[in-house]
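Colleague: I would like to learn how to read a structure like this one. Could you take me through it, feature by feature?

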Amino acid sequence: MAAKPRFRNDAVAGSDSDPHLDTAPDPASPDRKHPVDETLPPLKMFTSGLQHVAAMYAGVVAPPMIVGPAVGLTAKETAFLMGASLFTAGIATLLQTLGFWRIGARLPFVNGVSFAGVTPMVAIGKDRGHEGIAVVFGAIIVASLIGFLLAPYFCKLVRFFPPVVTGTVITLIGVSLLPVSFNWSQGGNATAADYGSTTNITMAAVTLVIVLALRKLLRGFLQQIAILLGLISGTLIAIPVGITDFGAIKDAGLVGFPTPFHFGAPQFEIAAIVSMSIVMLVCMTESTADMLALGRIVGRPADERTIEGGLRADTLGSAISPLFNGFMCSAFAQNIGLVAMTKVRSRFVVAVGGGILVVLGLVPVAASVIALVPLPVLGGAGIVLFGSVAASGIQTLATAALEKGENALIVAAAVGVGLIPIAAPEFYHSFPKDLLVVLDSGISTGCVVAIVLNLVFNHLGRKPEPEPSEREQSPAVAAPVAAH
């Protein structure tokens, strides 16, 4: 039977068997800070934080780019939504990384606008203009407050995430993100004339090769910011190629504060609230999985208290976002891949990234500079980032005793179901739209299947068996958790 993971609140010990944990502090040195809590030299803090922003920028601005036109906003109003989303993503990220009281995971955890809410938000506000956005914002506020109240109970689900489940979900997170990088590599806009052109795909391939070469050839700090250097190099190469758009800089203002309730006071409709509450539950499930993944990567396994704090930061950030015209916030898994790849585990680096996001939201011209990175260039780097997440999941599955019982069957079924929205996007087209919020998320469906099958095969109707030592099962899970 799969052993149930136990969590403690001590310092984390490293393990030679996990390359992500090879610099964890020696428990014999209680005064030494865990790498998660270390501050780095200013230049390294800034460039590493900027690298996080570059990796997630497109993901933050994409939802408002979709929702704005769908509800009938002008191009200028949609640009305002994009700046507001950057600003609120920064606030949510600061809540997660720095935290206060029992709010915040205090991990290098990046938050931004959730894609899970795009479809229901479009359905709620379609062609209703400012009124539609006001209804969307009202629903997000109520759903987020409900999520905040549920966080102390939702976090207890962590006991249902042994390595066979966490490994499956982490793998699905990475695999589910890869199509995003493939879309970026083709140009990002399926209706554009050059979508999937040899120029776009070649630029993605060139960026991928540059990132891999830099990781191989550079050492130390420069190796850690290889993604950022690769994005800069790819963007410079893209200028003579002709796929770098400077229009955003020309049209951007110098200063622009996201005026509270710019589109009017929030409005509350029951159907919209129910729809966004379902989205919130999906976001909380994915954030729980992301925190477990990140905790393993940084060598500080996420216990119930960590997850409770993280979910509270998610939901509080989401409740605050509509005040500044932002949308629901949740974890950005691509940044987990960046942590895994660079091994820079300081939460203060990500906090700097959160600060940069706030500045970008207040200074549109600065945000437009980040927007210069062509999507094909970002797509090439994204293949490495998202693949790193999947690799971490596979590494976790290697510790899950797949040869015992039906563990291999659990993984097979959960991964199979989780891949449906990726391999066959129209598979659930006949189902009610409200169900699609859950079914279209391979992470959520795969997670539910893995949890249920683990309970059925490894718990129900079986007598408890002697558990193997946690260190034999999973060095990362066995490691105690540092107290906040």
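**Reading the model**

Modeller: Start with R128, which is partly exposed, with a relative accessible area of 27%. Keep in mind that this is a predicted model.

Colleague: Why does R128 get that label?

Modeller: Buried means under 20% relative accessible area and exposed means over 50%, with partly exposed in between. R128 has 27%, so R128 falls in the middle class. E131 belongs to that class as well, because its relative accessibility is 40%.

Colleague: With which residue does R128 form a salt bridge?

Modeller: The general idea is that side chains of opposite charge can pair when their charged atoms come close. Here R128 pairs with E131, and their closest N and O atoms are 3.3 Å apart.

Colleague: How many salt bridges are there in the whole structure?

Modeller: A search finds seven. One of them joins the side chains of D37 and R300, at 2.5 Å from N to O. To read such a pair, look up where each partner sits along the chain. D37 is in the segment before α1, whereas R300 is in the loop between α10 and α11; the two are 263 residues apart, and the pair links distant parts of the chain. Both D37 and R300 are buried.

Colleague: What separates E308 and R312 in helix α11?

Modeller: About one helical turn, because they are four residues apart in that helix. Their side chains form a salt bridge too, at 2.8 Å from N to O. E308 is buried at 8% relative accessibility, and R312 is buried at 10%. Salt bridges can also share partners: D37, R300 and R347 are joined into one network in this way.

Colleague: How far apart in space are A293 and I336?

Modeller: Position in sequence and position in space are read separately. A293 and I336 are 43 residues apart in sequence, and their C-alpha atoms are 7.8 Å apart. A293 is part of helix α10 and is buried, with 3% relative accessible area.

Colleague: What should I take from the whole protein? How many helices and strands does it have?

Modeller: There are 21 helices and two strands. Of the 484 residues, 56% count as buried. Among contacts with a separation of 6 or more, 83% come from residues 24 or more positions apart. The protein exposes about 19300 Å², with 67% of that area supplied by carbon and sulfur atoms.

Note on methods: Residues are numbered from 1 along each chain as its sequence is written. This is a predicted model: local features need pLDDT of at least 70, side-chain atom pairs count only at pLDDT 80 or more; totals for chains, interfaces and linings use all residues. Side-chain values use heavy atoms; hydrogens and water are left out. A salt bridge is a side-chain nitrogen of Lys or Arg within 4 Å of a carboxyl oxygen of Asp or Glu. Buried means under 20% relative accessible area, exposed over 50%, partly exposed in between (1.4 Å probe, protein chains only). Contact means heavy atoms within 4.5 Å. Accessible areas come from the Shrake-Rupley method with a 1.4 Å probe; for residues, only the protein chains shown count as cover.
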